[in-house]
Amino acid sequence: MKRVKFKKGEQKGFLDLVVSRLNCISVRGILQFGFEMKYSSLKNYYCERRVIPLDFFNDLCHLAKVDAEDLDVEYLEGNWGQIKGGKKGRK
């Protein structure tokens with residue numbers, strides 16, 4: 001699954017922009033638009049503990065009428081952040 005990485009602090013700003021354009025009271029209001037996602041995941045995206053999946057990012061851009069090309073984001077491959085195997089065993 002590809003992901004979208006923002007610069008520090010900009011992911012929260014993006015979600016705030018989406019909330020204001022959708023006339024929601026808070027980030028939880030995004031879930032009323034039919035997203036199959038737990039609130040804790042959405043909160044982790046808002047606090048920037050996790051990076052946003054590309055599909056969810058594209059859906060938010062479409063709903064809030066935000067041009068994704070105007071945003072300064074980096075697209076990450078699905079295996080980003082994984083640890084390579086083959087660690088040394090005990091001797």
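Hi everyone. A helix here is a DSSP run of H or I that is at least four residues long. By that rule, S40 lies in helix α2. Please keep in mind that this is a predicted model.

Let me stay with S40 for a moment. S40 is partly exposed, with a relative accessible area of 39%. If you look for R28, which is 12 residues away along the chain, you'll find its C-alpha atom 9.6 Å from that of S40.

Now, which residues of α2 are buried? They are S41, L42, N44 and Y45. Seen down the axis of α2, these buried residues fall within an arc of 155°, so they line one face of the helix. As a reminder, an α-helix has 3.6 residues a turn, so residues three or four places apart point the same way. And what do the buried residues of α2 pack against? Their partners are β1 (3-6), α1 (10-21), β2 (52-53) and α3 (54-64).

Let's zoom in on one of them, N44. N44 sits in α2, which runs over residues 39-46. N44 has a relative accessible area of 18%, and buried means under 20%, so N44 counts as buried. Leaving aside residues up to four places away in sequence, N44 touches R49 and R50. With R49 there is also a polar contact, side chain to side chain, at 2.8 Å.

One last thing to look at on your screens: just after α2, E48 takes a positive phi of about 65°.

How values were computed: Residues numbered from 1 in each chain as written. Predicted model: local features only at pLDDT ≥ 70, side-chain atom pairs only at ≥ 80, totals over all residues. Heavy atoms only, no water. Helix = DSSP H or I, 4+ residues; strand = E, 2+ residues; numbered from the N terminus. Buried < 20%, exposed > 50% of the residue type's maximum accessible area, 1.4 Å probe, protein only. Polar contact = N/O pair within 3.5 Å; in protein donor to acceptor, adjacent residues only side chain to side chain. Contact = heavy atoms within 4.5 Å. Arc of directions from axis to C-beta.
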